[in-house]
Amino acid sequence: MAMFFPGESHTFSEYLLVPGYSSSECIPANVSLKTPLVRFKRGEESAINLNTPMVSAIMQSVSGPDMAVALATEGGLSFIYGSQTPEQEAAMVKAVKDHKAGFVESDSTLTPDMTMEQVMALKERTGHSTMPVTDDGSSRGRLLGIVTSRDYRPSRDDHSKKVSEFMTPREKLIVGDKDITLKKANDVIWDNKLNALPVVDDNDHLVGIVFRKDYDSHKSNPNEMLDANKRYMVGAGINTRDYATRVPLLVEAGADVLCIDSSEGFSEWQKRTIEWIRANYGESVRVGAGNVVDADGFRFLADCGADFVKVGIGGGSICITRETKGIGRGQATALIDVCRARDEYFEETGIYVPVCSDGGIVYDYHMTLALAMGADFMMLGRYFARFDESPTERVNVNGQYMKEYWGEGSARARNWQRYDLGGAQKLAFVEGVDSYVPYAGSLKDGVNATLYKIKSTMCNCGALTIKELQDKARLTLVSSTSIVEGGAHDVVVKDSQQTVSYN
């Protein structure tokens, strides 16, 4: 006879937090949302910590380079979608790593014999106005000069003029040597009122460029997720089919962490994938796995060596796995079960494997509930799909601006690898839908508003860290009548355009 789990399967909306004692120190400004991303041993620190407990979903309609840059700026992390060729995904990862760095490797390099017309075309294509000039046009060639938008006037100058005629030549440039520190480079920029400082080696070959705007950006965004070289951190999704080809390209491109993208992670396929990565890279390549919905699934992936485990099957707004296959579990119940297993695993082995709650979040307060129930961070799809930085089009639907949003199991995405059970290489039936979500403007504004709500609620519970929230939180199940009572009721609301946060 089949095994039956005791009790019902619950969602986030069926729970509320009960306030605890709040001291005078419990104000949002004092709250830290720092949280571990990858496994670590007792007494040690995680090799990667998020400054904001949010990562963006491994989806075509969510996580492109623009999303990765914007989210890393706010302290979170994006996982570039894997439902594209390995080369395309690696290029996106590299674009993020190159977007902002202490020492940027130029991808807009000129030669002296190029024309102004070519310079303008390159600027139009890349958006870069500062372009080094090297002898061979490569980013590591011998530095001959530099061109900025102040060096030419498209409205008056001859567009056939050669770069050598209007560039600032090498002898007039202030440069840094290859051993210069980022701090010293920034001092040189400020002392000499520069916008950019080329860095060269002993043979005058270009090593990189340090930009003034990157310094300004970091000062105004203290939570940025940066690697040891001051580059934005970014993750990448992989599947259980072509990992031997995909992983090396992603690692070479600079991916900081990988994640197996699958609708169901309790499988031999995920074990093989993790084993291959460990055999070829040891612990130097971090990889998360999932998704699971119970303690057995968590322990399986933890024993396989997963650096974090994702929880959730069928709870995403565009996911119809439960409807199609009748498989899954209420997100709150699944998360509580898995987090309990994580804590037991930590007590037994001394290894802490972070848990990511993936799916089922509709309102901002659901995020605080997920953290209180034990999640170390959340993977969000619909929430991020609404913003300017998602890869999709903004469209007008019946007078309202919307953003397109589709599931990886939809006919549009046709990401068969995500639902791979070792059979034919095709998507036999869909497990996701194609949809719209209300447009919500910039990611920065939306994320900052959400994080303030989370911090405020944590203060109501007397907690200044996520760990403290998990230790102090008190939760209660609510009835369907109580859920109705929780919103505006028995009144006529004057402003019908109420703002609701969506994931």
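**Notebook: surface, backbone and ring contacts**

I began with the surface: the accessible surface of the protein chain comes to about 23400 Å², and carbon and sulfur atoms hold 49% of it. I note that this is a predicted model.

I then looked up the overall make-up. The protein chain has 503 residues, of which 52% are buried. I found 16 helices and 23 strands in the protein chain. For contacts with a separation of 6 or more, I recorded that 65% are between residues 24 or more positions apart.

**Backbone entries**

Which peptide bond did I note as cis? The bond in question runs from glycine 290 to asparagine 291, and its omega is near 10°. I located asparagine 291 in strand 15, which spans residues 287–292.

I next turned to positive phi values. Lysine 193, a residue other than glycine, has phi near 55°.

Aspartate 204 is not a glycine either, yet its phi is positive, at about 65°. I traced aspartate 204 to the loop between strand 11 and strand 12, the latter covering residues 206–211.

**Serine 83**

I looked up serine 83 in the loop between strand 6 (77–80) and helix 2 (86–99). Serine 83 counts as buried because its relative accessibility is 19%, and buried means under 20%. What joins the side chains of serine 83 and glutamine 60? I recorded a polar contact of 2.9 Å between these two side chains.

**Aromatic rings**

How many aromatic pairs does a search of the whole structure find? My entry for this search is 13 aromatic pairs. I also noted a cluster in which ring pairs link Phe40, Phe346 and Tyr352.

I then checked charges over rings. The charged end of arginine 329 sits over the ring of phenylalanine 5, at 4.4 Å from the ring centre. For arginine 394, I found the charged end over the ring of tyrosine 439, with 4.9 Å to the centre of that ring.

Notes. Residues are numbered from 1 along each chain as its sequence is written. This is a predicted model: local features need pLDDT of at least 70, side-chain atom pairs count only at pLDDT 80 or more; totals for chains, interfaces and linings use all residues. Side-chain values use heavy atoms; hydrogens and water are left out. Helices (H or I, at least four residues) and strands (E, at least two) are DSSP runs, numbered from the N terminus. Buried means under 20% relative accessible area, exposed over 50%, partly exposed in between (1.4 Å probe, protein chains only). A polar contact is a pair of N or O atoms within 3.5 Å; within protein, one must be able to donate a hydrogen and the other to accept it, and residues adjacent in sequence count only if both atoms are side-chain atoms. Rings of Phe, Tyr and Trp (its six-membered ring) pair if their centres lie within 6.5 Å; planes under 30 degrees apart count as stacked, over 60 as edge-to-face and the rest as tilted. A charge sits over a ring if NZ of Lys or CZ of Arg is within 6 Å of the ring centre and within 35 degrees of the ring normal. Contact means heavy atoms within 4.5 Å. Accessible areas come from the Shrake-Rupley method with a 1.4 Å probe; for residues, only the protein chains shown count as cover.
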